[in-house]
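Have the coordinates open as you read.

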Amino acid sequence: MLADWLLSRCFNIRDLRRLAKMRLPASLFGYIDGGSDDEYTLCRNTAAFDQYGLMQRALVDVSEIDLSTTVLGCKVDWPVLCAPTGMSRMFHHDGERAVAREAAKSGTFYSLSTLSTTSIEDVGRETDGAKMFQVYVHRDRDLSREFVQRAKTAGFDALCLTVDLPAHGNRERDLRTGMTLPPKLTAKSVLDVLMHPSWVYHSLTTEPIELANVAHRIREGSGEVSNLLQYVSKQFDPTVNWEDAAWIKSLWDGPFVLKGIMSVEDAKRAVEIGASAIVISNHGGRQLDSSPATIEMLPKIVDAVGGQIEIILDSGIRRGTHVLKALALGADACMIGRPYLYGLAAGGQPGVARALQLLRAEIELDMKLMGCRNLSEVTVDCLYRRD
Ligand SMILES: Cc1cc2nc3c(=O)[nH]c(=O)nc-3n(C[C@H](O)[C@H](O)[C@H](O)COP(=O)(O)O)c2cc1C
């Protein structure tokens, strides 16, 4: 089939990105691909990995490479987790189910976003793999409490509170293409959608897209909100503070993660409230533009809290070498968002599988070339700092 052949011609994440761009209406591709303001942080996230090189060690028996580790109390086969991303069924009708299935198959965590188009319960049923639910502290605290309870009942292993969204970043690509609240239809955007008939066909012939976790709130109908997205955006609460984070943690009995930590001070506060892990993240460059790249903050945060809390890093990872640099600097694991979304948009579930396979194969090969047989051998000695 053409779709399989196209995927087989993708040899890295950049190739999947290119294919995703062909297959999606421009507004949706821009929504995945874009960042805030001038996209400085978006670009810097990936570019900043280049300040490090990786050292190669010769004459090591690398016939067996072990990528496994333990994250949040779960054994994973390799140290890259799938980050929470909203609205996946807009990019391909396979949506969250496809990503959850492929994450489980490849032996890693799947994280389900509050803003998903598949419900907590459906993802809970879909996979026995390690899974984390991502929540926000909403204006309506009962909504957050309800999500935590539903994630518990559905068998999620960890809870992740995203803390870098007191307000939406200024994503100008979305303003231009009409991916706003409410969406703006222009002649150009309608034409763009019509030029992607396969996407249109599947959107019209599969389950309607909805924000599956909150849809019931609208059906119950307070009457004051006209659609789900507006309802959810009204739920973002700029007053959320550390007490609220501690409150959410108190509702959950298992591993608890704070996602969106970028400073040493906040990392220390995360330790104080008893979080199990932090995700050093700038939301993939979608929030504060000019925020440093996550890899630039990692050494300082590791110095301050390494060993006291698990450290996961995301934003900008596109290559196995990026993962290895983060691990060498002291991260316990990494997360990816766009890489698997490009795969999803490029080819549904097989596209996600391709993204995960490519990244994992790169890590394994790079470890061989570095002379590292397992992750405990990936240390700061493997790094070369370019001047
Ligand atoms: C399209 C898209 C949707 C996202 N939605 C969410 C979300 O609902 N919740 C969340 O915590 N992070 C969300 N993120 C951020 C990711 O979890 C992650 O931090 C980011 O994608 C990592 O950067 P990368 O895309 O360069 O790998 C989203 C990112 C993208 C690209």
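A salt bridge here is a side-chain nitrogen of Lys or Arg within 4 Å of a carboxyl oxygen of Asp or Glu. By that rule, R97, R101, D122, R125, E126 and E207 are linked in a network of salt bridges, and the structure holds 23 salt bridges. Keep in mind that this is a predicted model, where local features need pLDDT of at least 70, side-chain atom pairs count only at pLDDT 80 or more, and totals for chains, interfaces and linings use all residues. Residues are numbered from 1 along each chain as its sequence is written, and side-chain values use heavy atoms, with hydrogens and water left out.

- D33 and R173 pair up through their side chains at 2.9 Å, N to O. (Helices are DSSP runs of H or I, at least four residues, and strands are runs of E, at least two, numbered from the N terminus.)
- D33 is buried at 3% relative accessible area, while R173 is partly exposed at 25%. (Buried means under 20%, exposed over 50% and partly exposed in between, with a 1.4 Å probe and protein chains only.)
- R97 and E207, two members of the network, form a salt bridge at 3.7 Å, N to O. Here R97 sits in helix α5 (residues 95–105) and E207 in the loop between α10 (197–205) and α11 (215–220), 110 residues apart.
- E207 is partly exposed, with a relative accessible area of 48%.

- E146 and R150 meet at 2.8 Å, N to O. Both lie in helix α7 (residues 141–153), four residues apart, or about one turn of the helix.
- R150 is buried, at 15% relative accessible area.

**Around the ligand**

- Of the 24 residues around the ligand, P84, S113, T162, D314 and R338 come nearest. (A residue counts if one of its heavy atoms lies within 4 Å.)
- That shell splits into eight nonpolar, 11 polar and five charged residues. (Ala, Val, Leu, Ile, Met, Phe, Trp, Tyr, Cys and Pro count as nonpolar, Asp, Glu, Lys and Arg as charged, and the others, Gly among them, as polar.)
- The largest share of the shell, three residues, comes from α17.
- A polar side-chain atom of D314 lies 2.7 Å from a ligand oxygen, and a polar backbone atom of R338 is 2.8 Å from an oxygen atom of the ligand.

Methods
A polar contact is a pair of N or O atoms within 3.5 Å; within protein, one must be able to donate a hydrogen and the other to accept it, and residues adjacent in sequence count only if both atoms are side-chain atoms.
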